[in-house]
Amino acid sequence: MDSRIIQLTGASLKYGNLNIRNCGLDFFPQGILGGPTRDTAKTKIIIHPLGFSNEIETDIPTDGRTGKPRWIFRERAWVKQFMRTNRLTPNAKVIITRLSEERYFIAPAHHTYTQQLFSTGLLPIQMQKYSDSMNSPFRYAGGKFYARKLILQHIPPHKNYCEPFAGGASIFFAKPKAAQSHLNDLDEELMRVYRVIRDQPEDLISFLTGKPATKELHSYYKNEFQPKTLLEKAARWYYLNRTSYSGIMNIQNCYWGYGDKFSKRPENWPCSIRQASQKLQGVKLTNYSFERAIEESEDGTFLFIDPPYFNADQDKFYTCSFSKEDHYRLRELLHRHRNRLLFLLTYDDCPEVRELYSWATGLYNKEWNYCINRTDDQKNGTSRKGQRYKGKELFILNYVI
Ligand SMILES: C[S@@+](CC[C@H](N)C(=O)[O-])C[C@H]1O[C@@H](n2cnc3c(N)ncnc32)[C@H](O)[C@@H]1O
């Protein structure tokens, strides 16, 4: 989350003027500058002032004579009330935080709630839906996209966050970013793509620019293309992931599965890559086996643990297989660290898993509904348009929610 501090003045109290010059134009979306009058406003942002139940839509006006920004929000009637509610006087400092491209949260800089917000990486509950929440840049088989809202409800406050089995990391991308985050997956290629998205988003975008989503190109990248550099390897992986059925990257099961109506179109890939890159800044990315990621986590870290299923054969999805012994090792490890780390583990609900985790604080059978509103041009031509599904898993927690 990006934020700026500004200082209130006498004009804030008298006229509702917030001097936002310090924020700079790059803090706001393109097109935020409107003309001198209301009817010339273009892109608007939405402001959530602390203590308000309503939101304020505004742009930044420009001076009619010079055309330069006036460095105040056009909507100002709320400022007086905001100062009164939060007992602010001229000279007090205020923090403006960018929650997403269009939403901003404003609170007094001294406020303990605001400080808590920054130190814990958590946002007030009512703000969470507007936070830096986004979708994974990948399509990922077995990903938790449809369960993300339910999972978010079970996440405790934390400063440090780790996903030892990151995959498409739907929960990391959906939740507000913690002060420290760590994504780990044994799949080396996957983690390489994360690194390229984090560190070289524009190079990746340049490579992909002008490449349409076609069966021919999919086949070329899958069977013929010989990547020479890390960037080329990552770009090949990204292209196949976006155009394969369910994002399955295990090469034996990686079939063409793109459709203009249900898939993210190539012209939207750059935006998704840039957004993901922003969220991945400062995130530790590793491709260890899960033990090392868990053992290296600092005391008090919250881990969202989503291993391959216990009973289903998921080897067709993933490039690394996970044996029964691996499941037992995971159990031993979590038992050993149960008093040091907080974890939410998700599994297929079966007697063996219940038995393995009988010592956990909570074992909950959870269900969620979802609808796949698409057709997948899979090898066998299966059509699943509009079909309803029920997701079902066991949530295993070592803390009380
Ligand atoms: C169920 S998926 C995770 C999906 C993820 N939660 C999401 O939302 O996309 C399980 C992941 O575990 C990874 N994996 C398999 N064996 C592993 C191991 N020994 N250590 C770490 N990751 C492993 C797989 O590569 C796969 O990405």
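Two strands count as paired if DSSP finds at least two bridges between them. Keep that rule in hand as we walk through this predicted model, because strands β11 and β12 meet it: four bridges join them.

Let's start at that pair. Strand β11 covers residues 302-305 and runs parallel to β12. Across the pairing, F304 stands opposite L344 of β12. The path between the two strands involves helix α12, residues 324-336, and together β11, α12 and β12 make a right-handed β-α-β unit.

Now look at β12 itself, residues 342-347. How many of its six residues are buried? Six of the six are, so the strand is mostly covered. In a regular strand, side chains alternate between the two faces of the sheet. Here, L342, L344 and T346 point one way from β12, while F343, L345 and Y347 point the other way, and all of them are buried.

Next, turn to the ligand. It is surrounded by 22 residues, and the closest are G143, F165, G167, G168 and D306. What classes of residue make up this shell? There are 11 nonpolar, six polar and five charged residues.

Finally, step back to the whole protein. It has 13 helices and 14 strands, and its C-alpha trace spans about 70 × 50 × 40 Å along the principal axes. A compact globule of 401 residues would have a radius of gyration near 21 Å, and the protein's 24 Å agrees with that. Of the 401 residues, 34% count as buried. Among contacts with a separation of 6 or more, 67% are between residues 24 or more positions apart.

Methods: Residues are numbered from 1 along each chain as its sequence is written. This is a predicted model: local features need pLDDT of at least 70, side-chain atom pairs count only at pLDDT 80 or more; totals for chains, interfaces and linings use all residues. A residue is near a molecule or strand if its C-beta atom, placed from the backbone, lies within 6 Å of it. Ala, Val, Leu, Ile, Met, Phe, Trp, Tyr, Cys and Pro count as nonpolar, Asp, Glu, Lys and Arg as charged, and the others, Gly among them, as polar. A residue is buried if 20 or more other C-beta atoms lie within 10 Å of its own, exposed if 12 or fewer, and partly exposed in between; C-beta atoms are placed from the backbone. A crossover is right-handed if, with the strands pointing away from the viewer, the path from the first strand over the helix to the second runs clockwise. The radius of gyration is taken over C-alpha atoms; the globule rule is 2.2 Å times the number of residues to the power 0.38. Two residues are in contact if their C-beta atoms, placed from the backbone, lie within 7 Å.
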